Amino acid sequence: MAKILVTGGAGFIGSNFVRRLLRDTDHDVVNVDALTYAGNLENLSDVEGDGRYSFHKADIAEFASIEPVLRETRPDSIVHFAAESHVDRSVHDASAFVRTNVVGTQILLDVARMHDVGRFVHVSTDEVYGSLGSSGRFTETSPIQPNSPYSASKAGSDFLVRAAHHTHGMDCCITRCSNNYGPYQFPEKLIPLMISNALAGQPLPVYGDGKNVRDWIHVEDHCRAVQLVLENGVAGEVYNIGGNSERENLHVVRKLLELTGQSEDLIRFVKDRPGHDRRYAIDGAKIERELGFVPEWTFEDGMAATVDWYREHGAWVDRVKSGAYRSYYETQYGRLD
Ligand code: NAD
Ligand code: TYD
């Protein structure tokens, strides 16, 4: 049994990871989250009573906020999910991205070293590699060429984690995963936004020509891969994680319309995202060979299960949407008629 500190555990992937650790291991889990617009403790209401689980509201970008949590809880390992995570928000204003993703990661590394934390798993993204043309896939040795303020801030954090390993000998691993979908994803990202709009009979905003490609992975597969890296990853190594499910955005949107029983008339082509990366695709050979990871969810089963989840959790979506989400939505899209 160990004590695992998870940052960003009230967000989408972090909350799925916390639930997984409590279900599948005997570890104690310390959830640290600043509860930004994306942090929602309702995502973990089912584990609140678990004696192995505790929540601490703290900001990783404030030493005086995060340091006492580590001093008090003394974790064996850290899995670092906390971040500003939405590309479109980083286009509007990158400052929070630099603060949390870059400064926050360094402060967390400093505090982890101060308190002799062992393994530090840094959860990053394939977006640090930039954009692909119509062929090829990202490997762990692809050049780091981030194109958005979000991916640039994540690349900065990857370099800081790499430096902590090389300079201070910290036991760090980095994971770089493709686009996630599944339960508890904030409805600003493509899949939950399209599902919630389709279920409400509202227009579906597709950027540009809709032919951008993402490699979709179910959040449960991503969390399983992160757990494998936590347990068996080699210090100093990077592991790409992919879903073997490359799809054009329009294909995804049409599939979701079919699953929600709505008409393609709801599709609206809107102005493209500035600097919009064309294609992401992951070569997952390393994590398969070294840690035995292959994704289990097919895209079709994953989409169907996710639509069912959002259908059954309308109250969750309503509560999320009635908050800060509305004013952000109008800044991003204006009114769609
Ligand atoms: P999310 O936006 O749903 O959750 C982020 C969480 O971090 C929120 O709970 C938020 O409150 C918390 N947080 C933000 N700033 C903080 C701060 N200063 N201190 C403490 N907590 C703070 O994000 P997500 O989609 O769950 O992504 C989690 C991680 O996985 C991120 O690091 C992201 O870069 C990475 N990732 C995401 C995807 C994806 O498709 N969503 C893919 C690959 C990698
Ligand atoms: P997103 O979920 O924001 O993830 P990322 O930009 O990190 O890959 O977007 C996924 C794809 O969907 C991306 O090509 C942008 C596109 N997209 C739309 O077409 N419309 C939307 O409203 C959103 C949010 C995304």
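Okay, before anything else: what we're looking at is a predicted model.

Let's start with helix 4. It runs over residues 95-114, so to speak a stretch of 20 residues, and covers 27 Å from first C-alpha to last, close to the 28 Å expected at 1.5 Å a residue. There's a bend in it, though. Where does helix 4 bend? At glycine 104, by about 35 degrees. That glycine is also on the list of buried residues of the helix.

Now over to the ligand. Ligand 1 has 29 residues around it, and the closest are Ile13, Asp33, Ser85, Tyr150 and Lys154. By class, that shell divides into 14 nonpolar, eleven polar and four charged residues.

For the polar contacts, take tyrosine 150: a polar atom of its side chain lies 2.7 Å from an oxygen of ligand 1. With isoleucine 60 it's the backbone, where an N or O atom lies 3.1 Å from a ligand nitrogen. Valine 123 also uses a polar backbone atom, 3.5 Å from an oxygen of the ligand. How much of ligand 1 does the protein cover? We get 96% of the 840 Å² of accessible area that the ligand has on its own.

As for who builds that shell, helix 1 (12-24), strand 5 (120-125) and helix 5 (149-168) each give two or more residues. Strand 5 gives the most, with three.

Key. Residues numbered from 1 in each chain as written. Chains lettered and ligands numbered in written order. Predicted model: local features only at pLDDT ≥ 70, side-chain atom pairs only at ≥ 80, totals over all residues. Heavy atoms only, no water. Helix = DSSP H or I, 4+ residues; strand = E, 2+ residues; numbered from the N terminus. Expected span 1.5 Å × (residues − 1). Bend = angle between axes of the 7 residues up to and from the residue. Buried < 20%, exposed > 50% of the residue type's maximum accessible area, 1.4 Å probe, protein only. Near = heavy atom within 4 Å. Polar contact = N/O pair within 3.5 Å; in protein donor to acceptor, adjacent residues only side chain to side chain. Areas by Shrake-Rupley, 256 points an atom, 1.4 Å probe, with all protein chains shown as cover. Nonpolar A, V, L, I, M, F, W, Y, C, P; charged D, E, K, R; others polar.
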